[in-house]
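Thanks for coming, everyone. Please bring the structure up on your screens, and we will walk through it together.

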Amino acid sequence: MIYLQLFLSFLQIGCFSFGGGYAAMPLIREQVITIHSWIDMDTFTNLVTIAEMTPGPIAINAATFVGTQVAGAMGAIAATIGCILPSCIFVTALAYIYTKYRKMALLQGTLSSLRPAVVSMIAAAGLSILVSAFFAHADISFRMIAYFIAALILLRKAKMNPIAVMVLCGAAEAAFSII
């Protein structure tokens with residue numbers, strides 16, 4: 001039964017997560033924390049971090065992570081298949097439709113109207129992650145805010161490699177934990 005629940009939950013996420021992995025994060029959070037209580041918010045924050053650092057699409061990495069946490073390897077397979085199945089079907093159908101009707105104004109208008117919704121979903125996911133990182137356990141984490149600001153400066157102003165920034169932040173936290 002848990003395999004079917006994982007499959008159906010991530011099938012829903014796969015069906016309605018237009019805009020990529022970050023846009024799927026609010027949907028994943030709703031399913032795995034609010035509806036099913038499979039993981040807590042701290043584990044979800046770790047899930048986002050791990051899904052971002054590992055190769056591959058974020059939503060699929062998240063499905064695999066949650067499936068493994070809930071029901072082991074078979075749970076990971078059920079959740080991952082549920083997550084990718086709608087995309088396989090939608091992309092095949094959309095490729096056919098787009099190649100046939102790509103010059104149609106209605107199609108171009110529909111695609112343009114989806115952009116603001118996708119941006120808002122990505123912003124909502126980012127804000128929820130920031131809030132959970134900065135205000136963990138009802139305490140303001142000034143250290144995490146400092147890491148965020150330092151990482152933002154290194155990425156935007158110094159144009160530093162994102163992997164190097166993650167390593168530096170991880171090393172800073174490790175050093176801080178030792179002290």
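**Helix packing and a few loop residues**

Let me start inside. Leaving out residues up to four places away in sequence, Thr-80 touches Ile-60, Ala-63 and Thr-64. Contact here means heavy atoms within 4.5 Å. Thr-80 sits in helix α4. Buried or exposed? Thr-80 is buried, at a relative accessible area of 17%. The cut-offs are these: buried is under 20% relative accessible area, exposed is over 50%, and partly exposed is in between, with a 1.4 Å probe and protein chains only.

A word on the source. This is a predicted model, where local features need pLDDT of at least 70 and side-chain atom pairs count only at pLDDT 80 or more, while totals for chains, interfaces and linings use all residues. Residues are numbered from 1 along each chain as its sequence is written, and side-chain values use heavy atoms, with hydrogens and water left out.

Now the overall picture. How many helices and strands does the protein chain have? Seven helices and zero strands. Those are DSSP runs, numbered from the N terminus: H or I with at least four residues for helices, E with at least two for strands. The C-alpha atoms fill a box of roughly 60 × 45 × 25 Å along the principal axes. Of the 179 residues in the protein chain, 28% are buried. Take the contacts with a separation of 6 or more: 52% of them join residues 24 or more positions apart.

On to the packing. Two packed helices are described by the angle between their axes and the distance between the axes. Axes are lines fitted to C-alpha atoms, for helices over the stretch in contact, and angles run from 0 to 180 degrees between N-to-C directions. Under 35 degrees counts as roughly parallel, over 145 as roughly antiparallel, 65 to 115 as roughly perpendicular, and the rest as oblique.

Stay with α4, residues 58-101. Helix α1, residues 2-16, packs on α4 at about 40 degrees, with the axes 7 Å apart. That makes α1 oblique to α4. The contact divides into 20 nonpolar, four polar and no charged residues. For the classes, Ala, Val, Leu, Ile, Met, Phe, Trp, Tyr, Cys and Pro are nonpolar; Asp, Glu, Lys and Arg are charged; the others, Gly among them, are polar. The crossing of α1 and α4 is right-handed. A crossing is right-handed if the near helix is turned clockwise from the far one by less than a right angle, and left-handed if anticlockwise.

Next, α3 on α4. Their axes are 9 Å apart, at an angle of about 130 degrees. So α3 is oblique to α4. This crossing is right-handed. Thr-43, Leu-47, Ile-50, Ala-51 and Glu-52 in α3 meet Ile-58, Asn-61, Ala-62, Phe-65 and Val-66 in α4. By class, that contact has seven nonpolar, two polar and one charged residues.

Helix α6, residues 142-156, and helix α7, residues 162-178, have axes that come within 10 Å and cross at roughly 155 degrees. They are therefore roughly antiparallel. The crossing of α6 and α7 is right-handed. Residues of α6 in the contact include Tyr-147 and Leu-154; on α7 they include Leu-168, Cys-169 and Phe-176.

Cys-169 is partly exposed, at 22% relative accessible area. For Cys-15, the nearest cysteine sulfur is that of Cys-83, 9.9 Å away. Cys-15 is partly exposed too, with a relative accessible area of 23%.

Last topic: the loops. Most residues other than glycine have a negative phi, and most peptide bonds are trans. Ser-37 is not a glycine, yet its phi is positive, at about 55 degrees. Ser-37 lies in the loop between α2 and α3. Ser-37 counts as exposed, at 56% relative accessibility. Lys-159 also has a positive phi, near 50 degrees. Where is Lys-159? In the loop between α6 and α7. Lys-159 is exposed as well, at 65%.

One more loop residue. Arg-102 falls between α4 and α5. Arg-102 is partly exposed, with a relative accessible area of 42%. Setting aside neighbours within four places in sequence, Arg-102 contacts Ile-97, Leu-107 and Gln-108.

That is my tour. Over to you.

Notes: Disulfide = S-S within 2.5 Å.
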